[in-house]
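Dear colleague,

I am passing on the structure we spoke about, and below it you will find my notes on what turned up when I went through it. Please read them with the model open beside you.

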Amino acid sequence: MLGKVVIMFSSSTQRMKIHLPLFPMLLTLLCLPACAEIDLAGSWASVSQGDDVLLLADYTGIPYNEAGRAKALSYSQSQMSVPERVCLFYTQAQLFGGPFGLRISNETAPDGKVVAWTLAGWEDRAPMTIWMDGRPHPSDHAPHERTGFTTGRWEGNVLVSYTTHMKTGFIRRNGAQHSDQATLTIHFLRHGELLTLAATLDDPIYLSAPLYWSRSFRQTRGQVEQLAGPCIQGDEGVAEGVVPHYLPGQNPFIDEMNKSFHVPVVASQGGAETMYPEFRNKIKDGFVIIDKCTRCGGLGPGPRR
Amino acid sequence: MSFRFIATILLAIQLLVGARAQTGGAPKTAALPDLIGYWVSVVTTMDWRFRMVVPPKGDYFGLRLTPAAMKIADAWDPARDDASGEQCKSYGAAGIMRIPGRLHIVWSDDKTLRVEFDAGTQTRFFHFGDGKAPATDVTWQGNSVAQWETSGSGGLKVVTTHMRSGYLRKNGVPYSENATMTEYFDLVHETAGDLRLIVTSNVEDPMYLQQPYINSVQFKKQADASGWDPTPCSARW
């Protein structure tokens with residue numbers, strides 16, 4: 001039914017005729033190397049700056065709708081010191097904002113088949129377990145966790161993960177948030193010692209279009225930094241029962257990007273149009289280059305933190 | 001004995017298939033057809049302020065520069081670049097992918113991919129195999145040698161040398177003529193139907209970079225040339 005290929009050969013001592021199933025052979029020839037799963041296990045150092053220099057009310061390039069923008073502008077950083085919220089993990093979206101590297105491992109079944117890939121946690125992000133065994137995602141009514149629930153599949157040599165059931169969390173640590181209905185899809189693109197994660201955050205509540213991210217890492221034999229010490233609870237004296245916030249129109253940091261980098265407020269408030277080149281035409285005329293950098297950070301010589 | 005023989009045959013065929021793909025005997029037929037067409041930059045991440053506007057003078061956050069490079073960056077003067085006709089320094093091969101705009105990717109001939117940029121009205125040529133001997137003179141876009149990858153995630157690999165000294169960022173962060181850039185082009189199919197191009201680049205420059213500058217940018221496929229807007233190089237925007 002599947003066809004057979006006949007291989008005949010002879011030598012001075014023997015003559016052989018071998019019948020082989022054609023389909024598995026062709027599959028082997030066609031799939032290798034294109035269908036081979038690649039090994040992602042190991043330590044991967046961050047080579048991107050992350051959001052180390054982060055200004056409040058910077059939502060540039062985030063395709064926010066009105067609800068998303070309003071949610072972000074209502075956020076006060078003092079929420080982090082509310083007892084219920086201190087030392088909470090961020091969601092898996094932090095993979096694209098945090099400064100740390102990746103430690104990737106896999107879990108195998110007794111037959112050697114990979115059951116799950118795991119991205120080890122950071123001090124502020126729970127581990128991501130990518131289930132590869134075909135298990136379904138939980139019901140829509142199942143509880144959401146900051147770590148979410150993630151499954152994966154191979155598309156050729158590219159691992160594609162899909163995360164659902166996250167809680168509301170940060171897109172950026174400055175209060176830009178995604179909803180608990182958001183889903184995160186990540187393509188793991190490996191080229192030798194480079195690994196690029198290309199992600200898509202879909203959020204029907206706060207985004208008017210998918211948010212695309214990409215971030216690169218470099219393989220290292222050293223231990224990647226993932227912990228900067230235990231979380232220390234802060235106390236800003238927030239009264240019990242109070243949730244720090246800003247009412248609409250009262251966020252005092254709305255022009256921080258303008259003060260620091262001459263990025264106009266119409267840009268820092270985000271929106272799908274801020275992702276595309278045409279948007280530059282809107283802000284070009286009023287833009288003035290800053291002649292001296294005062295809030296830029298910069299690594300300079302010496303070891304990177 | 002027989003299984004060993006069969007395995008040997010399979011291995012030999014596999015090596016032949018792999019070798020053929022590696023050498024790029026027929027680059028155009030081996031191409032990812034979806035790569036051809038118009039693409040638009042999508043700028044979403046924390047480096048928005050480095051790409052969509054001109055960053056402040058001296059802002060080289062995230063880069064490990066040598067002291068010589070920092071000296072140049074700190075002395076950046078766009079008026080001087082204008083006056084000397086050097087407005088295209090940030091539109092060289094090592095910088096242009098990060099400038100918001102559109103790409104038009106087409107085959108120039110059977111062994112050469114042509115990548116046109118509306119920003120700065122620049123063109124890069126990706127030469128497959130022995131499509132072109134290494135250039136002797138440096139140019140803004142340098143000499144790029146391409147191959148389809150059969151290992152890793154697949155896609156297109158491009159190595160560029162012979163670049164005229166330019167800027168990694170609009171604000172005068174330099175790369176030198178000794179720089180080498182390796183790029184990987186990957187296609188990602190989105191569930192919503194979008195097709196995304198991810199370009200991961202690794203710039204190595206012993207003169208101005210203490211560590212390789214590795215970053216990735218992304219583009220979205222367009223159905224046509226909508227928005228294609230060739231503009232001249234600008235030192236100030």
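This is a predicted model: local features need pLDDT of at least 70, side-chain atom pairs count only at pLDDT 80 or more; totals for chains, interfaces and linings use all residues.

In chain B, strands E2(B) and E3(B) form a hairpin, with 2 residues between them.

A parallel pair in chain B is that of strand E4 (residues 122–128) and strand E5 (residues 143–148), which are joined by 3 bridges, and here B:His127 stands opposite B:Val145 in E5(B).

As for chain B as a whole, there are 5 helices and 11 strands, and 49% of its 237 residues count as buried. Among the contacts in chain B with a separation of 6 or more, 60% are accounted for by residues 24 or more positions apart.

On confidence, chain B averages a pLDDT of 88, and 86% of the residues score at least 70. Over residues 7–25 of chain B, however, the pLDDT is below 50, although this stretch has 18 contacts in the model beyond near neighbours in sequence. For the complex, the predictor gives an ipTM of 0.88 and a pTM of 0.87.

Two residues of chain A may also deserve a look at the backbone. Most residues other than glycine have a negative phi. A:Ala57, however, has a positive phi, near 60 degrees, and its place is in the loop between strand E3 (42–46) and helix H2 (66–73) of chain A. A:Ala57 counts as buried because it has 25 C-beta neighbours inside 10 Å. For A:His165, phi is likewise positive and near 60 degrees, and this residue lies in the loop between strand E8 (158–164) and strand E9 (169–170) of chain A. With 20 C-beta neighbours inside 10 Å, A:His165 counts as buried too, since the cut-off is 20 or more.

Note on methods. Residues are numbered from 1 along each chain as its sequence is written. Chains are lettered from A and ligands numbered from 1 in the order in which they are written. Helices (H or I, at least four residues) and strands (E, at least two) are DSSP runs, numbered from the N terminus. A residue is buried if 20 or more other C-beta atoms lie within 10 Å of its own, exposed if 12 or fewer, and partly exposed in between; C-beta atoms are placed from the backbone. Two residues are in contact if their C-beta atoms, placed from the backbone, lie within 7 Å. Two strands pair if DSSP finds at least two bridges between them. pLDDT is the predictor's confidence in each residue, from 0 to 100.
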